[in-house]
Amino acid sequence: MGHGERRRHARILSQLGMSAGTANHRLRVQIMFMLVVKAGLDECHVCGERIESAGLLSIEHKKPWEGRDATLFWDLDNIAFSHRRCNVTQNLNGGGLNKKVGPDGTAWCTEHKDFLPLALFNIARGRRLGVEGYCKICMSKVRKSRPARRVGNRLLGSRVTGSPPDFESGAAQAHV
Ligand SMILES: [Zn+2]
Ligand SMILES: [Zn+2]
């Protein structure tokens with residue numbers, strides 16, 4: 001980057017409060033959202049509710065493409081819009097990459113750091129793929145290393161996921 005260009009970048013940064021790259025990206029998302037609303041496509045593909053703002057919008061592939069077929073990535077008929085929170089595959093904005101998509105019939109074990117056959121996992125309702133985040137072997141290790149928590153008279157040691165919401169803190173999570 002030349003001297004003059006660097007100065008221009010610094011000027012843009014102070015004027016917009018963000019880099020030109022970030023600003024352009026945000027503007028494109030705003031424009032896309034406006035068009036999505038105009039076209040009546042602002043209904044979340046996953047939950048069916050309206051997507052209220054550009055910040056909530058994510059691009060979803062109806063059929064997962066990763067590890068399958070690259071044409072599914074570019075196929076516009078395979079594109080739907082959803083809330084970021086509802087998007088189960090990764091989105092084009094680069095977010096949500098922590099949600100790993102593996103080959104069919106497998107799930108990600110956080111401890112093995114690998115995809116393992118679904119049969120090796122315990123069922124966990126409400127989670128993606130309907131299984132726990134650790135395979136059975138790792139789950140028993142994780143359980144042993146964690147002290148069982150008591151809520152009322154119920155021992156929650158057998159459930160690592162699905163802990164009750166923390167009403168005490170009252171801190172609403174900021175979704176950016
Ligand atoms: Zn939704
Ligand atoms: Zn494991």
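User: What percentage of the residues of the chain count as buried?

Analyst: A residue is buried if 20 or more other C-beta atoms, placed from the backbone, lie within 10 Å of its own. Of the 176 residues here, 11% count as buried. This is a predicted model, in which local features need pLDDT of at least 70 and side-chain atom pairs count only at pLDDT 80 or more, whereas totals for chains, interfaces and linings use all residues. Residues are numbered from 1 along each chain as its sequence is written, with chains lettered from A and ligands numbered from 1 in the order in which they are written.

User: How many helices and strands does the chain have?

Analyst: Helices (H or I, at least four residues) and strands (E, at least two) are DSSP runs, numbered from the N terminus. The chain has four helices and eight strands, in the order α-α-β-α-β-β-β-β-β-α-β-β.

User: Why is strand E1 described as largely enclosed?

Analyst: Strand E1 (residues 57–61) has four of its five residues buried, so the rest of the structure largely encloses it. Strands pair if DSSP finds at least two bridges between them; E1 and strand E2 (residues 79–83) do so in the antiparallel sense, over five bridges. Histidine 61 has isoleucine 79 in E2 as its bridge partner.

User: Which residues form the largest nonpolar core?

Analyst: In soluble globular proteins, nonpolar side chains tend to be buried together. A nonpolar core is a set of buried Ala, Val, Leu, Ile, Met, Phe, Trp, Tyr and Cys residues joined through C-beta atoms within 7 Å. The largest one has eight residues: Ala107, Trp108, Cys109, Phe121, Val131, Tyr134, Cys135 and Met139. Strands E3 (106–109) and E6 (131–135) are the elements that give two or more residues to this core.

How values were computed
Buried ≥ 20, exposed ≤ 12 C-beta atoms within 10 Å, placed from the backbone.
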